[in-house]
Structures are given as structure tokens and as C-alpha cells.
Amino acid sequence: MKQPVLFISSEAYPLVKTGGLADVAGSLPLALKQAGIDIRLLLPAYQSVLEQLDDYQVVASTRHYDHDIDILQTTLPGHDLKTLLVHCPALFGRPGNPYLDTNGQPWQDNALRFALFCQVAVDIALNRVGLDWQPGLVHCNDWQTALVPALLDTFLQRPATLFTIHNLAYQGLFDDRVFFELGLPGGLWGMHGLEFHGLFSFIKGGLVFADRLNTVSPTYAREIQQAEFGYGLDGLLRHRASRLSGILNGINTDEWNPATDRYLAKKYDIDSLKDKSINKKTLQKKLELPVDRQIPMLGMISRLVEQKGLPILLEAMQKLLQFPLQLVVLGSGEKAFEDSLQEWARRYPKNLKVIIGYDECLSHQIEASADLYLMPSLFEPCGLNQLYSLRYGTLPIASKVGGLADSVVDANQENFEQHIANGYQLPENKPDALLHSIQRALDDFSDKPRWKQLQINAMTPDRSWQASAAKYIELYRLAIADNS
Ligand code: ADP
């Protein structure tokens, strides 16, 4: 594909990350570049982003909503991927989380912040700021970028647009008066535009106006067309079904590789699986758990929110902690979940360790040390941790939704005989089903040859971005054809 691509995201690893979107935005553009695409990444210049950069240049300037804005150019750290930053200190020059204030509430001017981000993206997309570069396709991700397809649609000559849904639960909903305060074209209002039950919806800009839509797994693409997962947008998504598809995320196999992982006490690969337990012993010592390589360890690294199955886990906890196992949970999120996890950990210090916070290094150590990984999500657009777990020979126990259904193959006898089994699927999203699946996993764990085979099945497939990038290029072609 010859047309250049502008890839727009509100976060990208390693510059700024709150979740899976950052992993995708920090990996997929690299894989596309490797496949020969002329691609640039566009991000807001958050304070923390600028603090990490040694070098950047102002390459253009523009003005929106009474703010002077510089467009900065740099490269993604460690790579030669051209990265453009929207520099508006009044809106992005704040410490901490990109979306939330210090009380954990959304910044009160989020609509303005991301509308301005989208306006600048449109300037670049239409080559109106003198960059002497014009994309043939603009790839938008999640609600923070979703006004771009809507705004571009008001132009006759425009690049094609692809909108990727990383999580339909986050929609960017605001009061209707915000739409008018932002001076958006009046033609974009209404139920066939950006209105959603009287509110102003950012995400509808992508869902209604993008030439093509996709999500981060084939199963989630189907699920969001049903009322149960659709948040009232399922009708619209069914209407656009012929333009909607799913591509399972790859993973960054340089960052997530047990054979080279700089955070591990002992690196290992498929031929030295024995060494995995050295990591377990090291982590047990570090976390002051009983040191014993025979005791099965379960890991969980997650935002502590309902989506990730915290209510199911907490309801099962009393019985779960009667099993001969250790559970290590790393995460942060809703205070009530943090508090009850910590309370359980106080009562069962030999079985449960809870670390509240965000810790990249520890997340790698847990993936390498644990034997099993818990992911009882209520819904999961793709999910990355089950993919990391598979690569680390750490078998996922996961619900049968979204990307989990597309990557975890249950260790039933039939799948085992076909050498494709790699984990455990919850028969339903209930505490008893979780306990039952854990019991099955523990039974397998005590059968060493069987366990080793399951680990080999998990670690063998190529989970890099190359295959997914090829599918995105095909989708870009389709979007460009739709727009011509
Ligand atoms: P989501 O985007 O819904 O949060 P994903 O599984 O797609 O879930 O991606 C989450 C990413 O964030 C993974 O890379 C995971 O390791 C990471 N992560 C989540 N919580 C933490 C934490 N407390 N410490 C370190 N990494 C975390």
C-alpha cells in the first residue's frame, strides 16, 4: 500500500500508558512501518510525555478554541517512528493520568481537550498546517479521536478513515450543550450524527462516519452487535455490520519475551521451562510468600474494575484461598475493590499478596513466575495479559468472551489430543465456575508431562504483530476503496 497513514491515539507505550490501547499504539505502527507503510503517530503532548523526550522540534503551529498550538515532531523512544505531538500546555501540560484528575475524576475539560486534539488531527489529515505530508488514510482509536471521521466527513476531498474500537464501554459522553460550545458543524448533531439520547457522544463520530470500523478481536466484533454488550449502540453497529470486522491484537514480542526479558531473575524459553520456577522462587522471596516451587501460583495484573471480573473473584475468594495455592494480584482501580482485596490479603498472608499500584517491572515478574493467570472478565475486547501469559507458559483461566474466546483454547481432552489446548475457559461468569476451572487447572498442574505439553502449546504460536499488521493493511485498502 502506497498511501501514507496517520495513526491517532490518546496514549502509546512507552510514552504514556493506562491500558491496552497504549500497547497497540506503541506496537502496531512499528509493524506497519516494517511492512513498508509511511506512517506517523499523533499523540497529545502530555507533560509526562515531554519530560521523557530528549529531543523534539516544532514543525508547525495552528490555533483552535482560543489556544495557540504547536505541533512537535519526535520519534517513539527506541524506534525511528515519526511521532507528532499536539502541544497545548493549557490543556495537556498537567501531571498524572491523561484522563483523570488527582481525585480520579475525569478532567472537567476533557471534551475540550480531545476536541482540540481532533481538530489538530484534521488539520494534519488535510495537509493544512504546512507539513508537506498528507495521509491517504487516518486510523483513529477510541473516543478521544472519534470526532476526526465526523469532521473529515464534512469535506469533499478527504483521506479515508478507519475507526478502531478498543473498548466500547468508554464513549466520551457529554452534555448536549458541550457540542454547541465546541462550535462543531450543526449538521453533525442529531440521532444520525453525534447525538445519543440527548447527550453528545464522541464515539458516534467514529461509529457513524468512519469508512471502516473494526475491533480488536473477531468475537468482540460480533458481541457488540448484541444488546448485552452494545450499550445501546448495538443497533447502529448492526446497521454498519458490513463495514465492521475484528482483528486480534498482536503483542510486542521484544518487550514480552521470556528469553530476553530484562526484568526476570532467570530468563527462559520453551526448551528451558524448568528455569521458570527460579522466577517463582525469587518473586516469593520478594513478596514474602512461602518459598516453594511446587505450590501453584496464580497471577492477576489488572485495572481493578467490574469489567475485569473483580466481583466474581471476590465472591469466590473465601473458597479459593482454601486451595493449596498462592495468588498474586497487581493492580489499581476502584477503592472498594482495592480495600477488599487488601483485607483478604491481611487475613491470608501466606496465600494472597495484593500490590496496589502500577508497576511495569513487577507485571513482567508475575507473568514469568505464575503458573496460572486469572482473567474472569465480564467482557474483554481483546485482552493482552492472556496473550503475554501464553507466551510466558503461564496458562490463562479466562472467561469465554471477546479476545479471550479467540485466544484461550480450553484444556479439554479433545483439544489436548490435538495439541491446541493452552488454558481454561470458564463455563460461565460465576464464582462457582471460576472455582471449578481453578480445580481443573490444579489437577493438570500436578500431572507434570501434561502440564508441560500445555505450556508448549501455549508458547509455540507466533503472537507478534506481523500477522495482524497484514490484516490492517488489507483493511486500509478496503477503507480507501470505500472512500474513492
Ligand atoms: P485494559 O486495556 O482493559 O486495561 P488489557 O489486558 O488490554 O486491558 O491491557 C492492560 C495492559 O495494562 C496490560 O499490558 C497490563 O499488563 C497492563 N497493566 C494493567 N494494570 C497494571 C498494573 N497495575 N501494573 C502494570 N501493568 C498493568
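**Reading the features of a predicted model**

Guide: Let us begin with helix packing: α13 and α19 meet in a right-handed crossing. The model is a predicted one.

Visitor: At what angle do α13 and α19 pack, and how far apart are their axes?

Guide: The angle between α13 (residues 310–320) and α19 (residues 431–445) is about 50°, and their axes are 8 Å apart. Angles under 35 degrees count as roughly parallel and those from 65 to 115 as roughly perpendicular, so α13 is oblique to α19.

Visitor: Which residues make the contact between α13 and α19?

Guide: A contact requires heavy atoms within 4.5 Å. On the α13 side the residues are I312, L313, E315, A316, K319 and L320, and on the α19 side they are P431, D432, L434, L435 and I438. Sorted by class, the contact of α13 with α19 has 8 nonpolar, no polar and 3 charged residues.

Visitor: How are α13 and α14 arranged: roughly parallel or roughly antiparallel?

Guide: The direction from N to C matters here, as the angle runs from 0 to 180 degrees. Helix α14 (residues 335–347) packs with α13 at an angle of about 20°, and the two axes are 11 Å apart. The pair α13 and α14 is therefore roughly parallel. Their crossing is left-handed.

Visitor: Which residues of α13 and α14 meet?

Guide: From α13 come L310, P311, L313, L314, M317 and Q318; from α14 come F337, S340, L341, W344 and R347. This contact of α13 with α14 comprises 8 nonpolar, 2 polar and 1 charged residues. L313 is listed in the contact with α14 and also in that with α19.

Visitor: How is α19 oriented to α20?

Guide: Helix α20 (residues 448–459) crosses α19 at roughly 110°, and the axes come within 7 Å. That angle makes α19 roughly perpendicular to α20. In the contact, A441, D444 and F445 of α19 meet K448, R450, W451 and L454 of α20. By class there are 4 nonpolar, no polar and 3 charged residues in the contact of α19 with α20.

Visitor: Turning to the ligand, which residues come nearest?

Guide: There are 18 residues around the ligand, and G20, D23, R303, K308 and G357 come nearest. For polar contacts, one looks for N or O atoms within 3.5 Å. D23 has a polar side-chain atom 2.9 Å from an oxygen atom of the ligand. An N or O atom in the side chain of K308 is 2.8 Å from a ligand oxygen atom. For N385, a polar side-chain atom lies 3.2 Å from an oxygen atom of the ligand.

Visitor: What is the phi of N127, and where does N127 lie?

Guide: N127 is not a glycine, yet its phi is positive, about 55°. N127 is placed in the loop between α5 (110–125) and β6 (137–141).

Definitions and conventions:
Residues numbered from 1 in each chain as written. Predicted model: local features only at pLDDT ≥ 70, side-chain atom pairs only at ≥ 80, totals over all residues. Heavy atoms only, no water. Helix = DSSP H or I, 4+ residues; strand = E, 2+ residues; numbered from the N terminus. Parallel < 35°, antiparallel > 145°, perpendicular 65-115°, else oblique. Left-handed = near helix turned anticlockwise from the far one by under 90°. Nonpolar A, V, L, I, M, F, W, Y, C, P; charged D, E, K, R; others polar. Near = heavy atom within 4 Å. Polar contact = N/O pair within 3.5 Å; in protein donor to acceptor, adjacent residues only side chain to side chain.
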